[in-house]
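Here's a quick briefing to read with the model open beside you.

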Amino acid sequence: MPKLDKFDLGILEALQQDARATNVEVAERVNLSPSPCLRRTRMLEEGGIIRGYRADIDRQAIGLELTVFVSFKVIRHTRENAQALEQALIDIPEVIACHMISGQSDFLAEVVVENLAAYERLLTEKLLVLPQVTDIQSNFSIRAVKTGGALKLPPVRERG
């Protein structure tokens, strides 16, 4: 991982707050001139630190009313089964986030669908038929308290 200085971290923070900010606006926020700011932003993008830009969409406003946290246990813990399940979950568009976890389950997926009937279809047609899965548990979100929060960036490390 490249060493990030206060300007890099400032650019990341500014873009987390407003990814549509112009380069000039970002440069002003981090006290750089536009040319070096753009050069640094491009290096952060090319280095994979900035992975992309997207709109933060209100799920309810577009009819995606139900968020479900689904935990999966993998049958026979093998690398192949885990990788196959990972890929299967990646390929399901309703799965918007997924983590390999420790504890009683092996994977935890965040699923967003229109309603309970849509989740039932997803569960019965796609999730329960996954051959790598031995157990599935669903936890329904009652209300979102915080979503899509910005990352708390680490402090600048002194060179030493």
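A quick word on naming before we start: helices here are DSSP runs of H or I at least four residues long, strands are E runs of at least two, and both are numbered from the N terminus. By that scheme, D8 lies in helix α1. Keep in mind that this is a predicted model.

**D8 and its surroundings**

- D8 is an acidic residue tucked away: its relative accessibility is 8%, so D8 counts as buried, the cut-off being under 20%.
- Leaving aside residues up to four places away in sequence, D8 touches K3, R40 and L44.

**Helix α3**

- Helix α3 covers residues 34-46, which makes 13 residues.
- From first C-alpha to last, α3 reaches 18 Å, close to the 18 Å expected at 1.5 Å a residue.
- As background, an α-helix has 3.6 residues a turn, so residues three or four places apart point the same way.
- After α3 comes G48, which has a positive phi near 80 degrees.

**Cysteines**

- How many disulfides are there? The count comes to zero, going by cysteine sulfur pairs within 2.5 Å.
- C37 has 0% relative accessibility, so C37 counts as buried.
- C98 sits at 33% relative accessibility and therefore counts as partly exposed.

**Strand pairing**

- Strand β1 (residues 66-74) is mostly covered, with seven of its nine residues buried.
- β1 runs antiparallel to β3, and seven bridges join the two. Within that pairing, T67 stands opposite V112 in β3.
- β1 also pairs with β4, again in the antiparallel sense and over seven bridges. Here K73 has D135 in β4 as its bridge partner.
- β2 (residues 95-100) and β3 (residues 107-113) make an antiparallel pair over five bridges. M100 finds its bridge partner in F107 of β3.
- That β2 and β3 pair forms a hairpin with six residues between the strands. In the turn, G103 has a positive phi of about 120 degrees.
- On strands in general, side chains in a regular strand alternate between the two faces of the sheet.

**The aromatic pair**

- How many aromatic pairs turn up in a search of the whole structure? The search finds one.
- The rings belong to Y119 and F140, with centres 5.7 Å apart and planes at 85 degrees, so the pair counts as edge-to-face.
- The two partners come from distant parts of the chain, 21 residues apart: Y119 is in helix α5 (residues 116-127), while F140 is in strand β4 (residues 133-140).
- Buried or partly exposed? Y119 is buried, with a relative accessible area of 3%, whereas F140 counts as partly exposed at 39% relative accessibility.

Technical notes. Residues are numbered from 1 along each chain as its sequence is written. This is a predicted model: local features need pLDDT of at least 70, side-chain atom pairs count only at pLDDT 80 or more; totals for chains, interfaces and linings use all residues. Side-chain values use heavy atoms; hydrogens and water are left out. Buried means under 20% relative accessible area, exposed over 50%, partly exposed in between (1.4 Å probe, protein chains only). Two strands pair if DSSP finds at least two bridges between them. Rings of Phe, Tyr and Trp (its six-membered ring) pair if their centres lie within 6.5 Å; planes under 30 degrees apart count as stacked, over 60 as edge-to-face and the rest as tilted. The expected span of a helix is 1.5 Å times one less than its number of residues. Contact means heavy atoms within 4.5 Å.
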